[in-house]
Amino acid sequence: MATATKAKPIRASKLTARAVAPAIAKKLRPLGDRVVVQPTPREETTTSGIVIPDTVKEKPQEGKVMAVGPGRVLDDGKREQMDLKRGDTVLYAKYAGTEFKLDGEDLLIISAKDILAVLER
(Lines give C-alpha, C1' and ligand atoms only; values in the text may rest on other atoms or scores of the structure.)
Protein backbone atom coordinates (compact mmCIF):
# COMPACT_ATOMS: atom_id res chain seq x y z
CA MET A 1 0.00 0.00 0.00
CA ALA A 2 1.38 3.39 -1.00
CA THR A 3 1.67 6.08 1.62
CA ALA A 4 1.51 9.78 1.01
CA THR A 5 4.58 11.75 1.92
CA LYS A 6 4.48 15.27 3.18
CA ALA A 7 5.84 17.74 0.64
CA LYS A 8 8.70 19.94 1.71
CA PRO A 9 8.00 23.68 1.62
CA ILE A 10 9.67 25.55 -1.20
CA ARG A 11 12.01 28.24 0.02
CA ALA A 12 12.43 31.37 -2.07
CA SER A 13 15.85 31.61 -3.60
CA LYS A 14 17.49 34.42 -5.53
CA LEU A 15 16.18 32.89 -8.74
CA THR A 16 12.55 32.87 -7.56
CA ALA A 17 12.93 36.37 -6.13
CA ARG A 18 13.95 37.62 -9.59
CA ALA A 19 10.93 35.93 -11.13
CA VAL A 20 8.61 37.67 -8.64
CA ALA A 21 9.78 41.17 -9.63
CA PRO A 22 8.31 41.16 -13.17
CA ALA A 23 5.11 39.56 -11.88
CA ILE A 24 4.64 42.37 -9.34
CA ALA A 25 5.39 45.00 -11.98
CA LYS A 26 2.66 43.54 -14.21
CA LYS A 27 0.08 43.46 -11.40
CA LEU A 28 0.77 46.91 -10.00
CA ARG A 29 0.88 50.24 -11.84
CA PRO A 30 1.65 53.22 -9.57
CA LEU A 31 -0.02 56.51 -10.42
CA GLY A 32 1.59 59.92 -10.84
CA ASP A 33 5.02 60.25 -9.30
CA ARG A 34 4.67 57.17 -7.08
CA VAL A 35 7.26 54.39 -6.95
CA VAL A 36 6.87 50.82 -5.63
CA VAL A 37 9.94 49.71 -3.68
CA GLN A 38 10.85 46.33 -2.19
CA PRO A 39 12.79 47.15 1.01
CA THR A 40 16.14 45.41 1.40
CA PRO A 41 15.98 43.07 4.41
CA ARG A 42 18.17 44.05 7.35
CA GLU A 43 20.73 41.81 9.00
CA GLU A 44 19.35 39.42 11.63
CA THR A 45 22.62 39.30 13.60
CA THR A 46 25.47 41.65 14.33
CA THR A 47 29.03 40.97 13.17
CA SER A 48 29.80 39.54 16.61
CA GLY A 49 26.89 37.07 16.36
CA ILE A 50 24.27 38.76 18.55
CA VAL A 51 20.73 38.19 17.26
CA ILE A 52 18.75 41.42 16.75
CA PRO A 53 15.05 41.09 17.69
CA ASP A 54 12.39 42.64 15.42
CA THR A 55 11.40 45.15 18.10
CA VAL A 56 14.73 46.99 17.96
CA LYS A 57 15.53 46.70 14.26
CA GLU A 58 15.61 49.97 12.38
CA LYS A 59 13.32 50.46 9.44
CA PRO A 60 15.17 49.85 6.18
CA GLN A 61 16.01 52.90 4.11
CA GLU A 62 17.25 51.06 1.05
CA GLY A 63 15.31 49.08 -1.50
CA LYS A 64 14.87 47.96 -5.08
CA VAL A 65 12.45 49.76 -7.42
CA MET A 66 9.78 47.33 -8.63
CA ALA A 67 7.51 49.72 -10.57
CA VAL A 68 7.52 53.41 -11.49
CA GLY A 69 4.56 55.67 -12.22
CA PRO A 70 4.41 57.84 -15.36
CA GLY A 71 5.32 61.04 -13.47
CA ARG A 72 3.23 63.85 -12.05
CA VAL A 73 1.26 66.24 -14.22
CA LEU A 74 2.65 69.78 -14.15
CA ASP A 75 0.54 72.96 -14.05
CA ASP A 76 0.86 73.42 -17.82
CA GLY A 77 -0.55 69.91 -18.44
CA LYS A 78 2.74 68.27 -19.40
CA ARG A 79 4.03 65.21 -17.56
CA GLU A 80 7.26 65.43 -15.55
CA GLN A 81 9.88 62.83 -16.57
CA MET A 82 10.76 60.27 -13.85
CA ASP A 83 14.48 59.79 -13.11
CA LEU A 84 13.97 56.22 -11.85
CA LYS A 85 13.53 52.90 -13.60
CA ARG A 86 12.65 49.40 -12.50
CA GLY A 87 15.64 47.62 -10.95
CA ASP A 88 17.29 50.75 -9.47
CA THR A 89 18.50 50.49 -5.88
CA VAL A 90 17.42 53.59 -3.97
CA LEU A 91 17.74 55.25 -0.58
CA TYR A 92 14.53 56.75 0.76
CA ALA A 93 13.37 58.76 3.78
CA LYS A 94 13.07 56.71 6.97
CA TYR A 95 9.31 56.93 7.54
CA ALA A 96 8.23 57.59 3.96
CA GLY A 97 5.53 55.76 2.06
CA THR A 98 2.86 53.20 2.79
CA GLU A 99 3.68 49.56 3.52
CA PHE A 100 1.57 46.79 1.97
CA LYS A 101 1.79 43.15 0.93
CA LEU A 102 1.25 41.78 -2.56
CA ASP A 103 1.55 38.04 -3.21
CA GLY A 104 3.32 37.62 0.15
CA GLU A 105 5.98 40.23 -0.66
CA ASP A 106 6.47 43.24 1.64
CA LEU A 107 6.39 46.36 -0.53
CA LEU A 108 6.37 50.10 -0.03
CA ILE A 109 4.77 52.75 -2.22
CA ILE A 110 6.61 56.06 -2.05
CA SER A 111 6.29 59.47 -3.64
CA ALA A 112 9.28 60.32 -5.83
CA LYS A 113 10.08 63.33 -3.60
CA ASP A 114 10.81 60.93 -0.69
CA ILE A 115 13.52 59.10 -2.65
CA LEU A 116 16.84 60.61 -1.67
CA ALA A 117 19.34 58.92 -3.99
CA VAL A 118 19.98 56.12 -6.47
CA LEU A 119 22.82 53.77 -5.50
CA GLU A 120 25.21 53.11 -8.38
CA ARG A 121 26.79 49.67 -8.10
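This is a predicted model: local features need pLDDT of at least 70, side-chain atom pairs count only at pLDDT 80 or more; totals for chains, interfaces and linings use all residues.
Reader: Why is Leu 107 called buried?

Author: Leu 107 has a relative accessibility of 2%. Buried means under 20%, so Leu 107 counts as buried.

Reader: Where is Leu 107 found, and how far is Leu 107 from Val 37 in space?

Author: Leu 107 belongs to strand 5. The C-alpha atoms of Leu 107 and Val 37 are 5.8 Å apart in space, while 70 residues separate them in sequence.

Reader: What makes Ser 111 buried or exposed?

Author: The relative accessibility of Ser 111 is 14%. Since the cut-off for buried is under 20%, Ser 111 is therefore buried. Ser 111 is found in strand 5, which covers residues 105-111.

Reader: Which residues are in contact with Ser 111, leaving aside its neighbours within four places in sequence?

Author: They are Asp 33 and Arg 34. Contact here requires heavy atoms within 4.5 Å.

Reader: Why does Val 118 count as partly exposed?

Author: Val 118 shows 33% relative accessibility.

Reader: Which strand holds Val 118, and what is Val 118 in contact with beyond its neighbours within four places in sequence?

Author: Val 118 lies in strand 6, residues 115-119. Leaving those neighbours aside, its contacts are Leu 84, Asp 88, Thr 89 and Val 90.

Reader: How far apart are Val 118 and Tyr 92?

Author: From C-alpha to C-alpha, Val 118 and Tyr 92 are 9.1 Å apart in space, with a separation of 26 residues in sequence.

Methods
Residues are numbered from 1 along each chain as its sequence is written. Side-chain values use heavy atoms; hydrogens and water are left out. Helices (H or I, at least four residues) and strands (E, at least two) are DSSP runs, numbered from the N terminus. Buried means under 20% relative accessible area, exposed over 50%, partly exposed in between (1.4 Å probe, protein chains only).
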